[in-house]
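Let's go through the salt bridges of this protein model. Have the sequence and the 3D view open as you read.

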Amino acid sequence: MNSDIHEFDNGVKVYDRHLMPGQRARYRKTNVHEADEEGIFTALIESLPANGRFVSIGSAIGYYPILAKRLSPDLVIHAVEPLPVHRTYFLENIELNCLQPDDFVVHPNAISSSEGSQTFVEARYGSRIVNQRRALTLLTMWVKRLIKRPKAGNGGGKWPIASEIRTVTLDYLIRDVGGYADLLQMDVQGLEADILAGGVDALRSGSVATFLIGTHGARIHRRCVGFLREQDYLIEVSRKRAVDQPDGIIVASKGVKRLGG
């Protein structure tokens with residue numbers, strides 16, 4: 001295998017330069033992106049109808065959308081990724097995996113609790129929507145890190161950038177993808193509860209049949225579980241902490257049970 005390319009045990013390939021040092025270290029232990037979530041994700045994708053609709057919020061360089069397409073080639077896949085460099089890497093990885101750009105619908109908007117514009121701090125995998133005060137705090141923290149460890153940087157070879165970005169709600173997104181999602185996955189760096197709050201109509205109507213959510217912290221995890229239960233979702237998996245990955249895991253379904261047991 002070309003050393004410039006990292007191939008996961010499931011066959012998904014990405015360019016090694018897209019990865020962070022911490023990710024490479026994790027993959028040396030278990031060669032999939034998130035060891036605790038991999039089996040759950042695979043089981044969920046395999047439970048969907050052949051031409052079902054999968055929505056990935058925070059798709060980054062495309063690992064999960066590409067894996068979903070490999071597992072179920074007829075899936076309709078919508079990938080939401082506001083960071084331009086990650087959308088570029090995603091396109092490169094689509095070609096690397098012998099897929100076509102038309103196999104995916106890529107949405108450049110950020111998803112939040114409201115529509116409009118918000119401050120977006122670009123820092124590769126740590127990119128997130130924040131208020132202006134939090135943006136200044138994060139930028140100061142990252143600048144100090146870069147001064148202390150200039151070679152480590154943020155993995156992208158440039159300083160963090162704060163800019164204004166268009167935001168839409170989960171309700172808007174579900175309408176935009178056709179009014180329904182069989183599976184919606186999100187990895188959004190702590191904004192999980194805010195995104196759910198902007199999807200009350202979709203949750204109430206069951207327009208998202210199943211959620212797979214990577215949670216960031218016990219408090220956010222509890223908020224998400226509580227909100228989903230209020231909307232009559234069955235919590236199929238709830239792990240505040242995972243053993244071999246940085247995120248917690250929630251699987252919640254409405255009108256269908258995706259996982260056995």
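This is a predicted model: local features need pLDDT of at least 70, side-chain atom pairs count only at pLDDT 80 or more; totals for chains, interfaces and linings use all residues.

Residues are numbered from 1 along each chain as its sequence is written, and side-chain values use heavy atoms, with hydrogens and water left out.

**Salt bridges**
- Side chains of opposite charge can pair when their charged atoms come close.
- A salt bridge here is a side-chain nitrogen of Lys or Arg within 4 Å of a carboxyl oxygen of Asp or Glu, and the count comes to 3.
- Arg24 pairs up with Asp16 at 3.1 Å, N to O.
- Glu92 teams up with Arg17, with their closest N and O atoms 2.8 Å apart. Glu92 sits in helix 4 and Arg17 in the loop between strand 2 (13–15) and helix 1 (21–29), so this pair ties together parts that are 75 residues apart in sequence. Helices (H or I, at least four residues) and strands (E, at least two) are DSSP runs, numbered from the N terminus.
- Asp201 joins Arg204, the closest N and O atoms being 3.5 Å apart. Both lie in helix 8 (residues 200–205), 3 residues apart, about one turn of the helix.

**Buried or exposed?**
- Buried means under 20% relative accessible area, exposed over 50%, and partly exposed in between (1.4 Å probe, protein chains only).
- Arg204 counts as exposed because its relative accessibility is 53%, while Asp201, at 48%, is partly exposed.

**One more residue**
- Val85 is in helix 4 (residues 84–96), and at 25% relative accessibility Val85 is partly exposed.
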